[in-house]
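Please keep the sequence and the structure open while reading.

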Amino acid sequence: MSKKIIVTGGAGYIGSHTVVELMHAGYEPVIIDDFRNSKPWIIDRIGELTGKYPLGHSIDCADEKEVLSVFRNYTDIFGVIHFAAYKAVGESVQKPTMYYQNNIGSLCAILNAMKETKISNLVFSSSCTVYGEPSTPAVTENTPIQKANSPYGDTKIICERIIENVKISGQPIQAALLRYFNPIGAHPSGKLGELPNGIPNNLVPYITQTAAGIREQLVVNGNDYTTSDGTNIRDYIHVVDLAKAHVKALEWLQNQNKPVCEPFNLGTGKGTSVLEIIHSFEEVNQVKVNYKIGPRREGDVEQIFANPTKAEKMLNWKCDYSVADALKHSWNWEKTL
Ligand code: WQD
């Protein structure tokens, strides 16, 4: 069976960690990435970590002609992992058409190229944002999908529906929709990690940059929520655990002999508050984080974390790393930058 896997956005944060795990598992990734949200030297780091440089094409995933020409370069592609998308919630509110055009346009280009080249296996990078503000914080895949809080979240809901409708259309497709909770951390080697563009939107990179003196002070977005310490609760999952789930999803797809479009929650199953993250970071790294409590952030969900039972059972996957491990690795990475 061929082991080539097209990985769009393969130089990105989750993409690069997944490429490493794919290579460790004996796959041959073919990266499609135009480095708009990543750096070319990440490919060198992958080479250092695995002893082999992955194949790569620097093209726009939303350019259907370009995508098809890359797919036609190879006759032995087993499947596609589609990461390439814009993912900053706040930015999506300011620039909605850029998000819809890119995130939906690139998925449609990929699906059409898959049809043309008879590739049926797809792992799609989705998000827990599809659940909105859940009625119960421990969400399963049957928790109702709610109206998105942002254009970013809306593109994920729409993309999942597009893939389901492609299956209904009769195009042969086996798809795993991986709903990430909050990816954090970095590769234990210190060679890969998150590279936020400009001011980080997300909590952990903002913490590491504050601890490194790049940012003056972290503002905690509200402490008047009905949680144990008043701050928001999320399910923070180590990026390497998340990467390994993609390899498991491909293995699961190999055993599917009929069209499928199956969602999986990828989280630890444990909720952690903002203040708990800050204090854990300080303790595990023996550094102080300068922070203050500020107002709530528009669109924030009060609390959400995964019920990961379905992924654990069906994908035979489980998280190995703790939040503390992830916070240690994220600090190690920050210190290399
Ligand atoms: C977490 C908590 C903030 C920054 C992200 C991604 C989304 C999806 C889910 C993958 C919130 C608080 C943050 C700061 C703070 N992942 N915070 N001060 O909003 O849960 O969404 O994970 O698709 O794409 O955006 O993550 O890290 O932005 O926020 O207090 O400077 O940290 O208010 O409560 P979020 P986040």
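Two residues are in contact when heavy atoms of theirs lie within 4.5 Å of each other. By that criterion, and leaving aside neighbours within four places in sequence, Gly269 is in contact with Asp235, Phe305, Ala306 and Pro308. The model is a predicted one.

**Ligand site**

- The shell around the ligand holds 20 residues, and those that come nearest are Tyr152, Asn232, Arg234, Arg297 and Asp300.
- By residue class, the shell around the ligand divides into ten nonpolar, six polar and four charged residues.
- An oxygen atom of the ligand lies 3.1 Å from a polar side-chain atom of Ser127.
- The side chain of Asn202 places an N or O atom 3.0 Å from an oxygen atom of the ligand.
- Phe181 takes part through its backbone: a polar backbone atom there is 3.3 Å from a nitrogen atom of the ligand.
- The ligand taken alone exposes 690 Å², and the protein buries 90% of that area.
- Two or more residues of the shell around the ligand come from each of these elements: α7 (203–211) and β9 (218–221).
- The element that gives the most to this shell is β9, with four residues.

**Helix α3**

- Helix α3 spans residues 64–71, and its buried residues are Val67, Leu68, Val70 and Phe71.
- Seen down the axis of α3, these buried residues fall within an arc of 160°, so they line one face of the helix.
- The cover over the buried residues of α3 includes the strands β1 (4–8), β2 (28–32), β3 (55–57) and β4 (77–82), together with helix α5 (96–116).

- His17 is part of helix α1, which runs over residues 13–24.
- The relative accessibility of His17 is 1%, and because buried means under 20%, His17 counts as buried.
- Not counting residues up to four places away in sequence, His17 touches Ala186, His187, Leu192, Gly193, Val239, Val240 and Ala243.
- Thr210 belongs to helix α7.
- With a relative accessible area of 7%, Thr210 is buried.
- Thr210 touches Arg215, Glu216, Gln217, Leu218, Val289 and Asn290, again not counting residues up to four places away in sequence.

**Loop residues**

- Gly269 sits in the loop between β12 (260–266) and β13 (272–273).
- The relative accessible area of Gly269 is 30%, and Gly269 is therefore partly exposed.
- Between Gly269 and Tyr100 there are 169 residues of separation in sequence and 30 Å in space, C-alpha to C-alpha.
- Lys118 is in the loop between α5 and β5 (121–127).
- Phi of Lys118 is near 55°, which is a positive value in a residue other than glycine.
- Lys118 has a relative accessible area of 75% and is exposed.
- Gln286 lies in the loop between α9 (274–285) and β14 (291–294).
- Although Gln286 is not a glycine, its phi is positive, at about 50°.
- Gln286 is exposed, with a relative accessible area of 69%.

Note on methods
Residues numbered from 1 in each chain as written. Predicted model: local features only at pLDDT ≥ 70, side-chain atom pairs only at ≥ 80, totals over all residues. Heavy atoms only, no water. Near = heavy atom within 4 Å. Polar contact = N/O pair within 3.5 Å; in protein donor to acceptor, adjacent residues only side chain to side chain. Areas by Shrake-Rupley, 256 points an atom, 1.4 Å probe, with all protein chains shown as cover. Nonpolar A, V, L, I, M, F, W, Y, C, P; charged D, E, K, R; others polar. Buried < 20%, exposed > 50% of the residue type's maximum accessible area, 1.4 Å probe, protein only. Arc of directions from axis to C-beta.
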